[in-house]
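Let's take a walk through a protein model together. Keep the picture open while you read, and look up each residue as it comes along.

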Amino acid sequence: MRPPFKFSATTRVGFSDTDAQGIVYYGRYMPYFDLARVEYHRSLGLMRVEGTGEFVMRAMTVEYHAPARFDDEIEVDVRVARIGRTSITYEFAAYLERGVLAATARQTLVLVDLAQRRPCEIPESFREPIGAFEGDDLEA
């Protein structure tokens, strides 16, 4: 992983991830980013948010830089760039095993009270471990 990233997850391109040209279909990068985000949370002991809220995707942008192919190993760097009152923004950088940048992404998720279908405040018990891990690189 490369600064300012402090965590990465590794995956491998499966045959079903590729298109007719033999490269990773653009939509298949989303599961790679999701995997890295979940593993980031797992490493910090944050698989669940206390209370009734669940994180839902609000926005995502992706830029593609180089093609990945079947059986390539992909290292996905992930970090929390910002935690707002009700939302959290992640940044990703996916690298091929040759050190080539394949894709970058930014996702914003909002914590939503499922019963009321309204945004709710991210609890301190979720913020604190991320703040401690990300340090000065985290925008609050």
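## Starting with Phe-5

Where is Phe-5 found? Look in the segment before β1. One thing to keep in mind as you look: this is a predicted model.

Is Phe-5 buried or exposed? Its relative accessible area is 14%, and buried means under 20%, so Phe-5 counts as buried. If you set aside residues up to four places away in sequence, Phe-5 touches Asp-77, Val-78 and Arg-79, and also Glu-91, Phe-92 and Ala-93. Now try finding Gly-135: Phe-5 and Gly-135 are 130 residues apart in sequence, yet their C-alpha atoms are 11 Å apart in space.

While you're in this part of the chain, check out Pro-4, which is also found in the segment before β1. Pro-3 and Pro-4 are joined by a cis peptide bond, with omega at about 5°.

The chain has a mean pLDDT of 94, and 99% of its residues reach 70 or more. Which elements sit at the two ends of the scale? Among the elements of the chain, β4 has the highest mean pLDDT, at 98, while α2 has the lowest, at 94.

## Salt bridges

How many salt bridges does the count come to? The answer is 15. Let's look at a few of them.

Take Arg-2 and Glu-75, a salt bridge whose closest N and O atoms are 3.5 Å apart. Arg-2 lies in the segment before β1 (7–12) and Glu-75 lies in strand β3 (residues 73–83), so this pair ties together parts that are 73 residues apart in sequence. Arg-2 is partly exposed, with a relative accessible area of 28%, and Glu-75 counts as partly exposed too, at 22%.

Next, go to Glu-121 and Arg-85, whose side chains meet in a salt bridge at 4.0 Å, N to O. This pair links distant parts of the chain, 36 residues apart: Glu-121 is in the loop between β6 (118–119) and α2 (124–134), and Arg-85 is in the loop between β3 and β4 (87–96). Both Glu-121 and Arg-85 are exposed. Salt bridges can also share partners, and that is how Arg-2, Glu-75 and Asp-77 are joined into one network.

Now head for the loop between β2 and β3, the place of Asp-71. Its side chain meets that of Arg-12 in a salt bridge, 3.9 Å from N to O. Here again the pair links distant parts of the chain: Arg-12 is in strand β1, Asp-71 is in the loop between β2 (53–64) and β3, and 59 residues separate them. In relative accessibility, Arg-12 comes to 41% and Asp-71 to 40%, so each counts as partly exposed.

Asp-72 is in the loop between β2 and β3 as well. Is Asp-72 buried or exposed? With a relative accessible area of 10%, Asp-72 is buried. Leaving aside neighbours within four places in sequence, Asp-72 is in contact with Thr-11, Arg-12 and Val-13, along with Leu-96, Glu-97 and Arg-98.

## Positive phi angles

Asp-71 has one more feature to show you: a positive phi of about 75°, although Asp-71 is not a glycine. Arg-117 also has a positive phi, near 55°, and is a residue other than glycine. You'll find Arg-117 in the loop between β5 (101–113) and β6, where it counts as exposed at 72% relative accessibility.

## The largest pocket

What is the volume of the largest pocket? It comes to about 260 Å³. The lining is made up of 13 residues, and those nearest the pocket's centre are Arg-37, His-41, Leu-46, Met-47 and Phe-55.

Terms used: Residues are numbered from 1 along each chain as its sequence is written. This is a predicted model: local features need pLDDT of at least 70, side-chain atom pairs count only at pLDDT 80 or more; totals for chains, interfaces and linings use all residues. Side-chain values use heavy atoms; hydrogens and water are left out. Helices (H or I, at least four residues) and strands (E, at least two) are DSSP runs, numbered from the N terminus. Buried means under 20% relative accessible area, exposed over 50%, partly exposed in between (1.4 Å probe, protein chains only). On a 1 Å grid over the protein atoms alone, a cavity is a set of points where a 1.4 Å probe fits but cannot get out, and a pocket is an open set with protein on both sides within 12 Å along at least five of seven lines; lining residues have an atom within 4 Å of a point. Grid points are joined across faces, edges and corners, and a volume is the space filled by probe spheres set on the points. pLDDT is the predictor's confidence in each residue, from 0 to 100. Contact means heavy atoms within 4.5 Å.
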